[in-house]
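Here is a short report on one model.

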Amino acid sequence: MDRSIVYPGSIPLDTDMLNTNRDTMIALGALIAATLGNATTVDGLAVVPTSPSTAAVIVGAGSVTQLASIDFASYGTLPANAAPLVKMGILSNSMALACPAPVLAGQSIAYLIEAAFTEVDVAPIVLPYYNAANPTQPFLGPSGGGAAQSTRRLQQVTVSARPGSPAPTGSQSPPSIDANAIGLAVVTIATGQIFIRATDIAALAAAPILQFKLPALRPGFANVAAFSASGNFTVPNGVTRAKVSVIGAGGGGGTHATQPGAGGGAGGRATAWIGNLVPGSTIAVAVGQGGAVSASPSNGGDGGASRFGTIVSATGGQGGQGGTVASTPAGGAPGQGSGGDVATAGSYGTDALPGASRGGDGGGPGSGRGSTAAFGGISALGYGGGGGGGGSGQVGGGGGGGLVTIEY
């Protein structure tokens with residue numbers, strides 16, 4: 001951080017203080033950029049109903065960090081400086097914003113609650129200036145002209161409630177977000193409604209809300225969503241990157257009419273580090289089911305594939321052989337991961353051991369064990385593991401289901 005140097009006995013200059021202020025601001029801006037980056041972020045500014053409830057909302061205290069210039073205009077006697085710098089505007093106290101209901105029956109109106117970083121010069125004062133001709137009688141304003149001059153440059157947050165057009169309930173829409181502003185929430189109120197409830201306030205998923213403070217963070221990612229069944233992942237507010245791991249399901253163990261069955265193959269695996277996620281967007285998650293088994297002589301069922309959208313996937317392992325063929329039943333082939341930064345195949349299930357009347361083991365970690373004699377194969381206990389082959393003439397064990405995890 002740059003610092004001014006002054007000496008005993010030297011005449012103080014206005015630039016001593018101005019440079020100290022500017023240098024401190026530049027250092028803080030560099031620190032913000034090093035921790036939060038150059039993108040606009042919002043901390044706080046939560047939009048909630050008033051208490052007691054009215055036709056208004058409260059925007060809580062908070063801040064906006066945004067890339068701007070060092071000084072948009074001259075700062076005292078220092079010239080303007082257009083070099084980029086991350087700055088922080090602060091809303092120190094919560095603010096109420098009125099959102100009146102429409103007048104016509106059957107209508108609703110949607111208000112856009114938005115925030116903007118602003119920098120303004122305020123607190124104009126007619127300052128006294130030194131008069132060399134008569135030191136006891138200072139000039140009022142520069143050269144005695146009596147002009148007022150701003151004495152503070154504020155970096156602050158302005159908030160507003162911008163109404164859309166009243167429309168039949170269900171068809172109302174908010175206005176578009178102003179340039180250089182940040183949409184925080186949409187508030188909807190209907191004709192005759194006299195107060196706003198929490199359910200009338202919808203936070204905007206795209207708002208760049210700061211999700212975590214340093215004490216809440218741990219190395220890597222702070223949260224994890226795990227899917228052991230198919231579903232949808234909605235990208236949380238403020239999240240733009242994630243680590244996704246997928247495991248294909250394991251194949252089932254084989255069931256042979258007279259011999260032991262073979263073990264099922266393990267599901268493939270893949271891991272991807274994904275960026276440019278859009279908060280509020282929904283991504284389909286498919287999770288493969290473990291390979292099924294049959295009481296009738298047959299190969300074990302193949303494990304299903306797991307995938308995260310179209311970005312990363314892993315196929316399931318094949319079922320171990322069974323049936324009625326006279327040859328030794330072979331273990332199922334593994335699944336294969338694809339699309340990730342790290343993509344690997346699972347492991348093969350092992351072949352049956354007719355001489356020992358023992359079924360083959362399933363492939364992969366958490367796999368099921370093959371059984372001997374009159375016992376059925378043991379099902380996989382872990383995600384993606386292959387099921388164990390049954391003993392001679394016995395049912396094989398089921399394959400382990402797939403898994404998709406998202407760390408963010």
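## Helix 1 and the largest pocket

Helix 1 gives the largest share of the lining of the largest pocket, 10 residues. This is a predicted model: local features need pLDDT of at least 70, side-chain atom pairs count only at pLDDT 80 or more, and totals for chains, interfaces and linings use all residues. Residues are numbered from 1 along each chain as its sequence is written, and side-chain values use heavy atoms, without hydrogens and water.

The largest pocket holds about 1,000 Å³ of space. Among its 30 lining residues, L18, N21, Y75, T151 and R153 are the closest to its centre.

| Class in the lining | Count |
|---|---|
| nonpolar | 12 residues |
| polar | 10 residues |

At least two lining residues each come from helix 1, strand 5, strand 7 (107-125) and strand 10. Helices (H or I, at least four residues) and strands (E, at least two) are DSSP runs, numbered from the N terminus.

Helix 1 covers residues 14-36. Its 23 residues should span 33 Å at 1.5 Å a residue, and its end C-alpha atoms are 33 Å apart, which agrees. The expected span is 1.5 Å times one less than the number of residues. L18, R22, D23, M25, G29 and I32 are buried in helix 1. Buried means under 20% relative accessible area (1.4 Å probe, protein chains only). These buried residues pack against strand 4 (62-71), strand 5 (81-91) and strand 10 (149-163).

Key:
Buried < 20%, exposed > 50% of the residue type's maximum accessible area, 1.4 Å probe, protein only. Contact = heavy atoms within 4.5 Å. 1 Å grid on protein atoms, 1.4 Å probe; cavity = no way out; pocket = protein on both sides within 12 Å on 5 of 7 lines; lining within 4 Å. Points joined across faces, edges and corners; volume = space filled by probe spheres on them. Nonpolar A, V, L, I, M, F, W, Y, C, P; charged D, E, K, R; others polar.
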